[in-house]
Amino acid sequence: MKKLIAALFLSASLLACSTSPLDTQITDTNKKEVLEAINTSESVSEEDKKLLAEYTLRHAIEALMESTFAGEKTDPNNEDEILKHFPSGKTAREMIDEQKDFKAKNPNAN
């Protein structure tokens with residue numbers, strides 16, 4: 001009985017300690033799901049959502065310009081094509097921190 005109670009307590013504790021979507025590593029396969037989770041999360045501040053959107057836009061424009069100058073055609077209205085230019089390999093929290101640093105170093109970018 002003690003083991004059952006301990007197991008139930010441990011399970012409840014683990015459920016209560018769910019991680020923020022900002023701490024999920026963004027990969028090529030989970031980009032869309034992680035961004036949707038962040039966008040709909042009540043635990044992520046509007047300021048963080050705005051900073052992530054700014055980061056996304058800045059990097060997407062850079063990637064689209066590079067592909068355009070390389071002669072590739074990208075439809076800016078196609079979400080999947082835009083997402084393929086979205087950076088992966090970082091967490092959203094890292095991207096937000098990078099955007100904060102970018103804005104601090106480039107005050108005219110605000």
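Which residue's side chain meets that of glutamate 54 in a salt bridge? The partner is lysine 50, at 4.0 Å from N to O. The model is predicted, with local features needing pLDDT of at least 70 and side-chain atom pairs pLDDT 80 or more, while totals for chains, interfaces and linings use all residues. Residues are numbered from 1 along each chain as its sequence is written, and side-chain values use heavy atoms, leaving out hydrogens and water.

**View 1. Lys50, Glu54 and Lys103 form a network of salt bridges.** A salt bridge places a side-chain nitrogen of Lys or Arg within 4 Å of a carboxyl oxygen of Asp or Glu. Glutamate 54 and lysine 50 are four residues apart in helix 3, and therefore separated by about one helical turn. Helices are DSSP runs (H or I, at least four residues), numbered from the N terminus.

**View 2. Lysine 31 and aspartate 28 are joined by a salt bridge of 3.3 Å, N to O.** Lysine 31 is buried at 5% relative accessibility, whereas aspartate 28 is exposed at 60%. Buried means under 20% relative accessible area, exposed over 50%, and partly exposed in between (1.4 Å probe, protein chains only).

**View 3. Helix 2 spans residues 31–40 and has Lys31, Val34 and Ile38 buried.** These buried residues line one face of the helix, because they fall within an arc of 75° seen down its axis. The arc is taken from the directions from the helix axis to the C-beta atoms. On the other side of helix 2, Glu33, Asn39 and Thr40 are exposed.

Terms used
Helix = DSSP H or I, 4+ residues; strand = E, 2+ residues; numbered from the N terminus.
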